[in-house]
Amino acid sequence: MQNFEYFAPRSLPEALALLENTGQKVKILAGGTDLIAQLHAGRAQPAIIIDIKNIPELNRLGWDADKSLHIGAAVPISTVVDFPYFQQRFGMLHQGCSLIGSTRVRNRATIGGNVCNAAPSADSAPALLCLGTKAFVANSRGTRVVPMLDIFRGPGKTSLAANELLVELEIPAPPAHSAGCYLRHTPREEMDIAVVGVAAFLVLAPHSKTCQEARIALGAVAPTPIRVPTTEALLAGNSLNKELITQVAEKTAEAASPISDIRSSAEYRRELVRVLTRRALKAACVSLDIQIESGD
Amino acid sequence: MKKDIVLKINGEEREVTVESRQTLLDVLRNHLGLTGTKEGCGNGNCGTCTVLIDGKAVSSCLIFAVETEGHEILTIEGLAQPGKIHPVQKAFIEEGAIQCGFCSPGMILTAKAFLDTNPHPTEAEARQAIAGNLCRCTGYDKIVRAILKVGAKTL
Ligand SMILES: Cc1cc2nc3c(=O)[nH]c(=O)nc-3n(C[C@H](O)[C@H](O)[C@H](O)COP(=O)(O)OP(=O)(O)OC[C@H]3O[C@@H](n4cnc5c(N)ncnc54)[C@H](O)[C@@H]3O)c2cc1C
Ligand code: FES
Ligand code: FES
């Protein structure tokens, strides 16, 4: 591994000033579970590394008065998944985060790193997209708020400029009568990368079985994690039943644009999208006390 | 780009001069002579390099030594008290959970950190806890039995 200069700033302004002055050859280090593996493999060769773990502003984890959750970019995933009420309020994100690596990985890895590494298969991404997450991105001149979808630009690419840093994610409180589910397929249960990941999120109209709003997001079937607005629209305004779910699952599979690679053929990925979408929608229905006739 | 740092390892402060690019694993083995921590994959997958930082299991191959200043590091060498091995070590011996021994330091530290937070686990929880640690010898059953034995003893 090529040597580099290591900085561990103790405040956000200090970190942002460093970033401003170092330009392109700098890499930000959060948990290092992606970055250090990439450095070992020679796939990244920064001259400077800025460790963000000692910055108090990035270690914030807490609920706002309006019950939105703020997750600082340096908070390890194991701390987030154990945070009081996290699992109850954001079940689908809890599912996604709990699948990342092993205990050892989650003790270091951050959700911010999962996002900024921008793998199409990132397990936190589909749930973050469904939950309407906002990213707070700062440079030395100020902070901008970016919707999650606008962060991802391509495999390994985000919309953050070289002088910018992800400070925290804000996840709004889910609406009343809503539930979601994230499912992924991997050949092994643990320590594997998603062949396909599917998140489904449903909001019911009060006292009914009618879907008021739906969000579906997919991982590992396009250059970035994606939402599927066409099939979300099929659900909105309609009564949730087996036929509708089957139809939405089929159309979602058609909307995906998977590739063939070492993990799977494109055809198999498309079929997985269909099956996992159906299962995720059914699971969300079950959480909302709507029983859907079982298939598989 | 050498740096003098102080690491707190197994309750002792150790001064070392390191390059930023050196992993904790490298520094433990090659500067401090703590060769109980093993290198298998070097990329976070196998668990042989597991150490505890502030009580939590981590991969020392994916952490730079410079990142760990100010934190408590526990390696397998620091687990036993003078004249008394740790209950997890004892259970591993009794259950024959060690064959070649290459995975054992990482397995034992993973089990210790797990039992510290979940003292009476189910078998499924114990298997989940070591899912990130590979063993090519024992077939895992004896390791799981050893972990469950510690859990049952402290009931
Ligand atoms: C054994 C193993 C298993 C894994 N399994 C999974 C899995 O099942 N699912 C999955 O999705 N991932 C998995 N990963 C990948 C990785 O653990 C996750 O992507 C993790 O969330 C990355 O977080 P980190 O804090 O370690 O990121 P780092 O490695 O520190 O950073 C990742 C990238 O993001 C950039 N970055 C980090 N923080 C910021 C910030 N605040 N602002 C701007 N840029 C930033 C870094 O510069 C780097 O390019 C696995 C990794 C390993 C080693
Ligand atoms: S050597 Fe660190 S996990 Fe394999
Ligand atoms: S005892 Fe040989 S690898 Fe586990």
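Predicted model: local features only at pLDDT ≥ 70, side-chain atom pairs only at ≥ 80, totals over all residues.
Modeller: Residues are numbered from 1 along each chain as its sequence is written, chains are lettered from A and ligands numbered from 1 in the order in which they are written, and side-chain values use heavy atoms, with hydrogens and water left out.

Colleague: Why is the site of ligand 1 called shared between chains?

Modeller: A residue is near a molecule if one of its heavy atoms lies within 4 Å of it. The residues that surround ligand 1 come from chains A and B, and therefore the site is shared between the chains. The shell holds 34 residues, and the closest are Ile28(A), Thr33(A), Asp34(A), Leu35(A) and Thr110(A). By class, 18 are nonpolar, 11 polar and 5 charged (Ala, Val, Leu, Ile, Met, Phe, Trp, Tyr, Cys and Pro count as nonpolar, Asp, Glu, Lys and Arg as charged, and the others, Gly among them, as polar).

Colleague: What makes the pairing of Thr33(A) with ligand 1 a polar contact?

Modeller: A polar contact is a pair of N or O atoms within 3.5 Å; within protein, one must be able to donate a hydrogen and the other to accept it, and residues adjacent in sequence count only if both atoms are side-chain atoms. A polar side-chain atom of Thr33(A) is 2.6 Å from an oxygen atom of ligand 1, so the pair meets the cut-off of 3.5 Å. An N or O atom in the side chain of Thr110(A) lies 2.7 Å from a ligand oxygen, and for Leu35(A) a backbone N or O atom is 2.7 Å from an oxygen of ligand 1. The protein covers 92% of the 990 Å² of accessible area that ligand 1 has on its own (Shrake-Rupley method with a 1.4 Å probe; for residues, only the protein chains shown count as cover).

Colleague: Which elements give two or more residues to the shell around ligand 1?

Modeller: They are β2 (26-29), α7 (111-117) and β10 (165-171) of chain A, and α7(A) gives the largest share, 4 residues. Helices (H or I, at least four residues) and strands (E, at least two) are DSSP runs, numbered from the N terminus.

Colleague: What makes His177(A) and Asp54(B) partly exposed?

Modeller: His177(A) has 41% relative accessibility and Asp54(B) has 45%, so each falls between the limits for buried and exposed. His177(A) lies in the loop between β10 and β11 (178-185) of chain A, and Asp54(B) in the loop between β3 (50-53) and β4 (56-59) of chain B.

Methods
Buried < 20%, exposed > 50% of the residue type's maximum accessible area, 1.4 Å probe, protein only.
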